[in-house]
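Colleague: I am new to this structure. Could you take me through some of its charged residues?

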Amino acid sequence: MSISTASAYSDRSCSTPNSSDSLRENQLDGWYGEIHGKVHTYGKDVDEYLAVFAPSRTPCTLPDVDKEISDSWEPVKGKEREYYDPLVTILTKLVSGFPADKKPSFYNAHDQPFYFPFQEFAHRHHDAKPDIAVSFPGEILPARIDQPNWRPFAMVMEAKDITSKDPFNKPTKRGESKERAKTIIQLAVNARNLMFAHGLLAAFTVGIYGNVARIARFDHACAVASPPLDLKSAEGLKMLREFLWRFVHPWEGSRGSVIGCDTTIRKLTPADEEWLTGRLGDEASETLSGVDLNDGRCVKVWDEGEDGRPKTFMLFKLLDVNGRLFSRATTVWLGLEDTREETTVLDCAHEVEKPVELRVVKEAWRQVIRTPEQKFYQRLKETIPEDEWIGLPQLLHGGDLGAREVRRWEAARKGMTWAGDDGPLAACPTPFSAVPNSGKPVVEPLADSVQDCASATLEHLGDGDNAPVDLTAQGVSDHLGHLPLPMHQTWSCRLGMGAGFHFRERSHMRFVVNVVGRSLSHFKNTKELVLAMRDAIKGHRLAISLGGVLHKDVSSGNVLIVDRPLRGVQQSYGVLHDYDYSAMTLDPPQSKALLWSQWRHSISIPWRLSAATKGTSR
């Protein structure tokens with residue numbers, strides 16, 4: 001991504017986080033385009049919706065819900081504000097039988113502004129005002145929170161006074177579409193903020209419209225809403241409780257996790273912060289100036305082909321973020337490798353003496369039909385001699401988490417061993433349904449979910465490969481139907497729109513590069529600016545002439561001024577980075593003279609990709 005990437009809104013909306021009506025209208029225009037064609041209602045019943053989108057290995061064995069808990073609650077047109085507290089009471093009663101360490105609490109947050117999770121970038125985005133916020137499992141929320149932020153909350157709910165405001169029903173009157181879009185945008189903004197605040201792979205929201213509730217699951221590809229739940233009926237209340245139970249009992253995850261949590265990341269602990277500060281030494285005060293370590297996180301990074309040997313990096317400063325929801329949602333962090341596990345007792349005394357090597361860690365959700373970014377870095381490394389290397393960053397670690405998780409899923413599905421450090425994916429020994437003895441078949445996974453997204457090509461768009469997996473195929477585990485679908489690679493577009501929409505799915509990327517720098521707009525003097533641009537131009541020339549890699553997205557935001565000299569390579573004052581949209585020849589150029597003929601042969605591939613992805617977010 002460009003380090004100066006704007007959010008989903010127009011430039012007019014990226015000034016200050018105020019709440020004037022004109023500013024909100026400009027922001028809404030951006031969100032209308034963001035959600036268009038990407039919010040869908042699941043075509044099957046609620047029970048199957050929960051089985052697919054909220055899988056859990058822990059069945060809810062609580063007694064039937066007492067319908068009387070909602071008897072005294074009567075939504076009345078024009079009195080929306082008056083039933084937030086009654087809703088909190090109903091929700092609290094629904095989870096009263098949950099174990100203490102799994103029980104969420106509910107907070108009436110109406111009219112309190114929640115800003116974008118990262119303060120430095122809050123000016124790009126307007127505030128949100130969720131009606132009801134839900135805690136993480138086992139956390140008790142106070143009755144009142146001054147200046148709330150997103151950290152204590154795992155989910156939010158929005159409420160409207162009457163059922164006719166349900167935005168997931170088709171409009172019946174002219175002019176209703178825009179109002180319904182605004183209601184969906186409320187859910188989308190909340191989901192976006194939750195995902196960035198906690199590094200979630202997917203976020204859930206609940207919309208309550210009169211006595212009808214809808215569960216909506218958002219990821220970076222699309223959103224899929226459940227069929228309606230009637231909160232005045234015992235069955236509707238039971239299904240809402242079933243969802244809440246599953247939400248706090250995810251298939252995998254540590255204590256306090258919810259469905260959608262990324263098991264490869266965690267928040268920084270006090271011990272982490274102490275080690276980080278000590279490791280930075282004399283540079284700590286300058287490097288951590290203005291940094292809120294509460295936003296930091298530890299992440300695992302796997303190299304290609306090294307599923308069992310991850311490296312851990314502490315990400316402590318967000319350098320830039322693409323705040324769009326249905327997009328690559330790129331985040332760029334400043335980080336440091338956590339070497340505590342690799343450091344022996346004898347090495348401890350020398351650890352602080354080693355030079356501190358700050359790294360840039362990038363996360364993004366690429367479309368599965370695009371070439372993974374690390375492939376371009378690999379081509380550059382293979383084709384450019386080290387003594388000629390200038391103006392280009394180098395990939396140190398990382399790759400496609402989505403492809404890795406698919407491999408893990410495939411291993412469990414076929415009963416094969418898995419060498420990853422996270423262990424094999426556990427299967428649920430027996431299927432269970434929110435509706436006992438329903439006799440419904442377990443939902444079958446989609447064939448495209450098991451394809452290595454790194455090898456996806458245009459042929460996947462319409463050749464009939466989207467048929468369901470054959471459950472009788474040789475080597476397939478008996479537990480196939482009881483495995484959750486992957487989370488680091490989306491599958492919601494196919495489930496929400498149809499198997500032909502595989503090209504809209506996204507895969508989670510995480511990798512580490514060696515260059516730490518500043519954008520061109522932060523140059524200190526003219527000489528520094530000119531030298532950085534000169535070396536970036538040299539790097540662009542090397543990439544195309546020796547590597548056959550065309551960047552395709554050169555901009556001021558994609559050129560960095562190098563802050564620290566890189567050991568072992570030629571000194572670069574500036575680098576050209578971000579190869580999300582690059583293209584390359586099928587084979588490295590044999591000579592500069594042959595380069596154009598090679599490009600003519602392969603240029604049709606990125607053009608066809610552009611045509612196939614027309615209308616999708618970057």
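**Charged residues**

Modeller: Asp-421 and Lys-300 form a salt bridge, with 3.1 Å between the closest N and O atoms. Asp-421 lies in the loop between α10 (401-413) and α11 (492-497) and Lys-300 in strand β10, so the pair ties together parts that are 121 residues apart in sequence. A salt bridge here is a side-chain nitrogen of Lys or Arg within 4 Å of a carboxyl oxygen of Asp or Glu. Helices (H or I, at least four residues) and strands (E, at least two) are DSSP runs, numbered from the N terminus.

Colleague: What kind of model is this?

Modeller: Residues are numbered from 1 along each chain as its sequence is written, and side-chain values use heavy atoms, leaving out hydrogens and water. Local features need pLDDT of at least 70, side-chain atom pairs count only at pLDDT 80 or more, totals for chains, interfaces and linings use all residues, and the model is predicted.

Colleague: Is Arg-404 buried or exposed?

Modeller: Arg-404 forms a salt bridge with Asp-422, the closest N and O atoms being 3.0 Å apart. Buried means under 20% relative accessible area, exposed over 50%, and partly exposed in between (1.4 Å probe, protein chains only). Arg-404 has 5% relative accessibility, so Arg-404 counts as buried.

Colleague: Which side chain of opposite charge is nearest to Arg-297?

Modeller: Arg-297 lies in strand β10 (residues 297-301). Lys and Arg count as positive and Asp and Glu as negative, while His and the chain ends are not counted. Arg-297 is buried and has no salt bridge; at 6.1 Å, the nearest side chain of opposite charge is Asp-295.
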